[in-house]
Amino acid sequence: LELLRAPMDEATLAEGLKARNRFVREWFAFNQDMNNVLVAQICRKHGFDAKTQIIGEGEVAEQLRTHVNQKDFGLNEVTGDWTEILALASIEDLMQREKAQDAIRFTWLQDRTEFDFFSPEMVFAYYLEAVMLHRWSILTVEEGEKIFRELVADMKKGVKLDA
């Protein structure tokens with residue numbers, strides 16, 4: 001549970017991918033894969049090299065690195081239905097895209113714990129669902145825009161261009 005509560009960064013991701021609990025490992029791998037697919041699509045849209053932006057290892061990361069010119073990045077060769085995740089990049093409104101991502105996460109959690117009554121996995125899933133629901137219950141459009149503008153301002157401070 002501590003791992004699921006930790007801020008999502010590279011160290012947490014690496015630790016999550018090596019967790020003893022299979023559900024936790026799969027949760028971190030799923031999120032890594034979903035984010036990598038979105039990053040690959042955004043890189044393609046803006047002309048960046050997706051190969052250098054994909055993080056981690058695994059079948060999805062490898063497909064994204066080696067099939068950058070295929071419309072679906074060759075994900076039809078990877079187990080699972082990637083249709084919803086591939087459609088995320090077409091959502092222009094960032095708040096709607098975030099909500100769509102959380103809806104996919106919510107479905108993933110429910111699918112993985114449908115018959116796991118009173119198991120640690122069910123507790124983990126319930127916690128993650130509650131965190132998502134709480135986040136959306138307090139986030140208004142105005143608050144989301146404020147946070148986004150602050151993030152962009154912080155990023156601009158950190159970027160130094162040589163003239």
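Of the 163 residues in the protein, 33% are buried (under 20% relative accessible area, with a 1.4 Å probe and protein chains only). This is a predicted model, in which local features need pLDDT of at least 70, side-chain atom pairs count only at pLDDT 80 or more, and totals for chains, interfaces and linings use all residues. Residues are numbered from 1 along each chain as its sequence is written, and side-chain values use heavy atoms, without hydrogens and water.

Start with the whole chain in cartoon view. The C-alpha trace spans about 60 × 40 × 30 Å along its principal axes.

Next, select Val 24, Val 37, Leu 64, Leu 75, Trp 82, Ile 85 and Leu 109. These have the most contacts inside the largest nonpolar core, a set of 35 residues (buried Ala, Val, Leu, Ile, Met, Phe, Trp, Tyr and Cys joined through side-chain atoms within 4.5 Å). Colour α3 (22-46): α3 gives the most to this core, with ten residues.

Finally, centre on Leu 109. Beyond its neighbours within four places in sequence, Leu 109 is in contact (heavy atoms within 4.5 Å) with Phe 23, Trp 27, Ala 125, Leu 128, Glu 129 and Met 132.

Note on methods
Buried < 20%, exposed > 50% of the residue type's maximum accessible area, 1.4 Å probe, protein only. Helix = DSSP H or I, 4+ residues; strand = E, 2+ residues; numbered from the N terminus.
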